[in-house]
Each structure stands twice: as structure tokens, then as C-alpha cells.
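Hello,

Here is the structure to look through. My notes follow below it.

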Amino acid sequence: MDESTIFEKVKKIIVDQLRVDENLVTMDSNIQEDLGADSLDAVELIMALEEEFGIDVQDEEAENFKTVGDVVRYIEKRL
Amino acid sequence: MRRRVAITGLGVISPVGIGKDVFWENIKKGKSGISFISKFPTDDFPTKIAGEVKDFNPEEFIDKREARRLDRFSQFAIAATRLALEDSGWNPTEEEKENTAVIVTSGIGGFETLENQFRSLFEKGPNRISPFLIPMVIINIASGNISIFFGFKGPNYSPVSACASSAHAIGIGYRLVSTGEADFAIVGGSEASITPMGIAGFCALQALSTRNDEPEKASRPFDAKRDGFVMGEGAGILILEELNHAINRGARIYAEIVGFGASDDAYHITAPDPEGNGAVLSMKRAIKDAGINPEDINYINAHGTSTKLNDKIETLAIKKVFGEYAYKIPVSSTKSMVGHLLGAAASVESIATVLSIYEGIIHPTINYEEKDPECDLDYVPNVARKWDIKYALKNSFGFGGQNATLIFKKYEG
């Protein structure tokens with residue numbers, strides 16, 4: 001799965017969960033500051049990603065996710 | 001010295017309409033909000049009818065992202081609060097917000113969320129449970145969310161007493177304002193338990209009407225052919241305000257709240273005391289609290305559920321409190337039209353009561369066709385009545401034998 005395919009899937013999950021305009025979701029957008037996620041949204045987001053991509057994300061790893069790009073690159077590495 | 005407490009704002013989400021005006025027009029007309037359940041397939045359910053709120057779009061009231069993090073009962077509560085605030089014309093200052101209590105409750109809380117998450121637990125395991133499960137489900141979260149959304153920083157909690165929950169909430173809010181602990185109180189209840197578990201649970205208790213072939217006729221309080229209650233959903237929010245503040249800002253004062261009494265049957269988890277003594281105590285305490293005589297009451301908005309036992313025993317209890325005078329008091333049941341909103345019932349019915357006082361019109365008890373010898377009061381059958389109410393008494397009784405009674409008074413300056 002290439003980066004842009006992963007990005008599109010991640011974007012869809014973010015739009016669905018955070019109800020943000022999809023134009024706001026770019027590789028550079030900061031999940032908390034730009035997209036308004038709080039700590040509970042972050043937990044839910046990780047769960048949805050785990051389910052979508054069939055991976056397990058450790059809490060310590062999730063703490064490093066700041067931007068959408070961080071998440072996409074992490075998933076690309078794991079797949 | 002107790003301060004007087006005015007009711008200055010009303011917000012309703014109900015099976016007969018959203019907003020005070022539509023609600024009031026419909027219940028004056030005697031319109032039923034009961035129909036076939038549309039939210040889930042009812043093939044295996046003995047009861048297939050309820051009072052659903054059909055045209056509710058949370059995004060008309062709440063940002064869509066926030067709405068997703070709220071169970072339906074919290075969405076109802078926030079929407080009804082927004083409507084009540086708009087209705088009151090009150091634009092609170094920061095200082096006023098600090099002095100505003102929020103006492104809003106529910107009988108059951110976020111049942112829909114709980115059921116969905118239960119499914120996830122069994123199908124996908126404990127690691128797939130939403131972080132929002134607990135904060136969406138707990139009963140006090142509607143009240144908490146109201147403060148978070150509107151910035152009210154006074155006392156905030158949720159008394160829980162099943163079908164009397166919002167009567168206790170209104171009573172406590174009244175106390176807070178009358179003693180000066182708060183200058184304003186946002187009070188009421190919210191319920192959204194028309195879910196497979198909610199309906200199945202009350203079916204198992206054999207508490208629900210099974211008149212599935214005539215949904216609009218199923219809720220028939222005090223009628224001889226009543227066969228159980230019909231579940232409703234929605235929310236009712238009232239704005240309570242210290243009277244002088246309301247006068248000074250030129251607020252519309254619907255009525256005053258002047259009495260609150262509560263008791264327990266100490267008898268059975270679901271059945272009322274056959275002697276009605278718990279209900280008698282609750283009514284007597286409210287009348288005493290109001291500093292009036294029983295003969296001052298000239299309207300009763302009944303708990304009136306349409307179950308065999310409640311209506312019979314509530315009638316008995318009213319006669320024990322009022323004696324012969326009971327036959328002269330009109331008694332009506334809002335549940336005949338909206339069904340039983342459980343923890344939100346008393347709040348929506350209190351709004352009906354307050355509007356009855358304000359307009360001098362009592363709404364009817366619909367579907368009243370055949371007299372039950374054990375229910376022999378004036379139930380305002382089927383047609384609204386012009387009636388100048390001085391003091392109105394509102395009863396609410398919950399499982400666990402938990403009773404509450406409120407007394408509202410016409411505002412006469």
C-alpha cells in the first residue's frame with residue numbers, strides 16, 4: 001500500500017471521527033492543534049486505525065504522533 | 001427567609017413536537033405522539049409502539065463534532081436547554097453564569113451507547129471499547145454537558161429516582177434558588193431509552209401496553225381498558241430565576257414554583273404501596289412546604305401512567321389527601337399524549353402544567369372512553385378546558401417507591 005492510499009484511508013477515518021472538513025486534513029496538519037482532537041479522540045482514532053489496517057499500536061508509539069503525516073508514515077512502515 | 005422562584009424559560013423536545021409552542025398547541029388539541037417504533041425491528045417484541053422524537057436533528061443545536069460524542073439523551077438535554085434559554089430571553093453575564101445551578105437528570109442515561117458498545121465488547125473484545133463509552137453513558141453527563149456547553153458554574157448534579165428523577169431535579173433546583181445558594185437554576189430531565197434493551201426490559205416487567213394495533217390509543221390513563229404505559233423519549237428544561245431578578249429584567253414569568261415534597265413507599269421495587277401512603281406523604285409535604293391548604297390546589301397534573309396499578313393508587317392517594325374536595329379538582333395526564341418519558345417525564349409534564357397556569361387552559365387526558373369504578377375523579381376527558389389555576393400540583397412516582405410532588409402557583413405580582 002503506497003503512502004497516498006494510506007493517507008486517503010487515514011483521512012477518511014479522521015473526517016468521520018472528528019467531523020472536520022476534508023480539506024483541512026493534509027499530511028502536515030497537527031491532529032490536536034489543527035484538527036481539534038482531544039486525548040479521548042486520539043484514543044478512538046488509534047483504535048480505528050488499528051482496526052482499518054490490522055495492526056497494534058503501542059501507547060508509547062502513539063504518543064509520538066503529532067501530524068497526520070506521522071501517522072501515515074508509521075503505518076507505511078508497519079505494513 | 002425564603003426567596004420566591006420564578007419560571008422564566010421553557011424548552012421541550014417531545015414526541016408531539018420540538019419547542020414549547022408546537023408542544024403546547026398539540027397537547028391542547030389532544031394529539032397523540034405514539035406510533036410504531038421506527039428505530040429498530042420489533043418483530044420479536046410484544047410491544048411495538050412508543051413515543052419517538054422523529055424529527056430531531058442534533059446538528060441544528062450542537063456542532064456536528066460535539067454531537068457525535070454525545071448519546072442521544074445528552075443531545076436532547078442540550079437542545080432543550082438551548083430552546084429554554086432562547087425562550088427566556090436571558091443573556092447571562094459571567095457573574096450570573098457563576099451563580100447558575102444545573103440540576104438535570106435522567107432515569108436511565110445513555111442506553112443506546114451502552115448497547116452498541118456491549119455489542120463491540122462481545123464481537124471485537126475489550127480493546128475495541130470506545131473511550132467515550134463511560135462519559136456518554138453516565139446519567140449525570142447530560143447535566144455536566146449543559147455546564148460545559150453554556151458555561152454555568154453553580155452546583156451541578158443529577159438526582160436519580162427512575163420515573164420521578166426530573167421532579168426531584170426541579171425540586172432541588174427550586175431549593176437552591178429559594179435559599180440563595182444559586183440565583184438561577186437550569187432544571188429538568190432527558191431520556192432516550194427507546195432501544196431494544198429498554199423496550200425488552202420494560203416488556204419483561206409487563207409494564208408496557210401491547211395495544212400495537214392502535215398506537216395512538218395505547219396510552220389511556222385512568223380509562224378502564226388501560227393495559228400499561230407507552231414509552232416516550234425527549235427532554236424538558238425549565239429556567240428557574242429568583243423572582244426579583246426576573247422582574248427587574250422584564251422577563252416573562254410563566255409561574256412560580258412554591259412547593260416540593262418527597263417520600264418513599266418503603267414497599268416494593270416496582271409496585272406502588274396498595275394503600276398509596278407514600279404518594280399521600282409526598283403530596284402532603286409539598287402542600288405544607290408551599291404553606292397552603294389542600295383546598296388551594298385547583299389542578300393536578302397526575303403521574304397518570306396508564307398502568308392498572310398506578311392510576312388506581314394515585315386516584316386513591318389523591319382522595320386521601322383531598323377528601324371530598326378531590327372530586328372538584330381537574331386531574332389530567334400528559335402521558336396520554338407523549339407516553340412515559342421516564343426520567344424526563346416530570347420535566348415535560350411540569351412544562352405542560354406551567355403553560356396551563358400561564359394560559360388558563362388545562363390540556364385533556366386523551367383516550368378516556370370507559371370509566372373504571374376505581375378511578376372516579378375528573379380526568380379532563382379528551383377535550384381541553386378553560387380553567388383559571390391558582391395552585392397546581394404535579395405528582396411523580398418512581399421505581400423503588402420514590403415519590404416527588406411539586407407545586408406551581410400562578411404569578412400575580
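What radius of gyration would a compact globule with 79 residues have, and what does chain A have? The globule would be near 12 Å and chain A has 11 Å, which agrees; the radius is taken over C-alpha atoms, and the globule rule is 2.2 Å times the number of residues to the power 0.38.

This is a predicted model, in which local features need pLDDT of at least 70 and side-chain atom pairs count only at pLDDT 80 or more, while totals for chains, interfaces and linings use all residues. Residues are numbered from 1 along each chain as its sequence is written, and chains are lettered from A and ligands numbered from 1 in the order in which they are written.

Chain A has four helices and zero strands (DSSP runs, H or I of at least four residues for helices and E of at least two for strands, numbered from the N terminus). Its C-alpha atoms fill a box of roughly 25 × 25 × 20 Å along the principal axes.

On the interface: six residues of chain A are in contact with seven residues of chain B (C-beta atoms, placed from the backbone, within 7 Å). Helix 2 (residues 39-53) of chain A gives the largest share of the chain A side, four residues.

Chain B is divided into domain 1 (5-248) and domain 2 (257-409), with bounds from an automatic or database domain assignment. Their C-alpha centres lie 20 Å apart. The contact takes 63 residues from domain 1 of chain B and 57 from domain 2 of chain B. On the domain 1 side, helix 8 of chain B gives the most, with eight residues.

Regards

Note on methods:
Contact = placed C-beta atoms within 7 Å.
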